[in-house]
Amino acid sequence: MFSHWDGAFRMCPNRSKSASQPEDDFNCHSDLSEALSRTRPSWNEYFMLMAKLCATRSTCYSRPVGAVIARDKRILATGYNGAPPGSWHCTDRQECFWREPQNQIPGIEPRDLSRAIHAEMNAVAYAARYGIHINGSTLYCTLSPCVHCFKTLISAGIVEVYFEHIYDFNDRGGDKALLAYYEQYADLIQVKQLSISETSLEIAGRFLQWITSSRRHEHYS
Ligand SMILES: [Zn+2]
Ligand SMILES: [Zn+2]
């Protein structure tokens, strides 16, 4: 938890003077490192942050999604949404699925013919490809799983899911229906929403924006 957090690194005294100078960057990062010696993201936040990073590799034109499978505080597999490895990406042609009438398959929704494999499925497939057993593990995903992924996760032995954002159904009540769908399987898999705290997001953001491994204290150089 962040009971000792005082927000000290939010202030960068040198930045307004000459923010472009690398020396100032170092000083600002030292402020961050000072604060980080007292606080870290929780494990759940850590894995969700990883899932958000995975989403940066997404190649689906629809929306970026990232997923991490973890057990015993260790990452077992990762995934993001995109076409099967080796085939062209949705983002290459700005096309996720065929919309033309002649390409439709009767009884199948056009979006179900999407080129992209969902992030959760890709994480499970990654584990299968490399022989990693994921029974009893937890999945972290930036988006609530669709029903197809959800059932696959149960079959793969995943017992817990944390998602950041519930799938938005344009206010048609779909979110409640999806949560009710998950609830059917509550004896097999627990599904929870997880929001990363502002503090942890700020820490992660600083790590990305600044040189991560500059020294915490000059005394330990
Ligand atoms: Zn796509
Ligand atoms: Zn899915």
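This is a predicted model: local features need pLDDT of at least 70, side-chain atom pairs count only at pLDDT 80 or more; totals for chains, interfaces and linings use all residues.
1. Local features of the model need pLDDT of at least 70 and side-chain atom pairs count only at pLDDT 80 or more, while totals for chains, interfaces and linings use all residues. Residues are numbered from 1 along each chain as its sequence is written, and chains are lettered from A and ligands numbered from 1 in the order in which they are written.

2. The protein chain has eight helices and five strands; these are DSSP runs numbered from the N terminus, with helices being H or I of at least four residues and strands E of at least two. From the N terminus the order is α-α-α-β-β-α-α-β-α-β-α-β-α. Of the 221 residues, 27% count as buried, that is, with 20 or more other C-beta atoms within 10 Å of their own, C-beta atoms being placed from the backbone (12 or fewer is exposed, in between partly exposed).

3. The five strands form an open sheet of mixed pairing, ordered β2-β1-β3-β4-β5; two strands pair if DSSP finds at least two bridges between them. β2 (74–80) and β5 (190–193) are the edge strands with a single partner each, so one side of each has no neighbour in the sheet. From one strand to the next, the twist averages 20 degrees; axes are lines fitted to C-alpha atoms, for helices over the stretch in contact, and angles run from 0 to 180 degrees between N-to-C directions.

4. Strands β3 (residues 138–143) and β4 (residues 160–165) run parallel and are joined by five bridges. Leucine 139 has valine 161 in β4 as its bridge partner.

5. Helix α3 (residues 43–55) lies across β1 (66–71), β2, β3 and β4, at about 145 degrees to β1.

6. Helices α5 (residues 119–130) and α6 (residues 147–155) pack at about 30 degrees with axes 9 Å apart. They are therefore roughly parallel (angles under 35 degrees; over 145 is roughly antiparallel, 65 to 115 roughly perpendicular, the rest oblique). Glu120, Met121 and Val124 in α5 meet Cys149, Thr152 and Leu153 in α6; contact requires C-beta atoms, placed from the backbone, within 7 Å.

7. Alanine 119 belongs to helix α5. Is alanine 119 buried or exposed? Alanine 119 is buried, because 30 other C-beta atoms lie within 10 Å. Leaving out residues up to four places away in sequence, alanine 119 touches Cys54, Val65, Gly66, Ala67, Gly79, Tyr80, Asn81 and Cys141.

How values were computed
Two residues are in contact if their C-beta atoms, placed from the backbone, lie within 7 Å.
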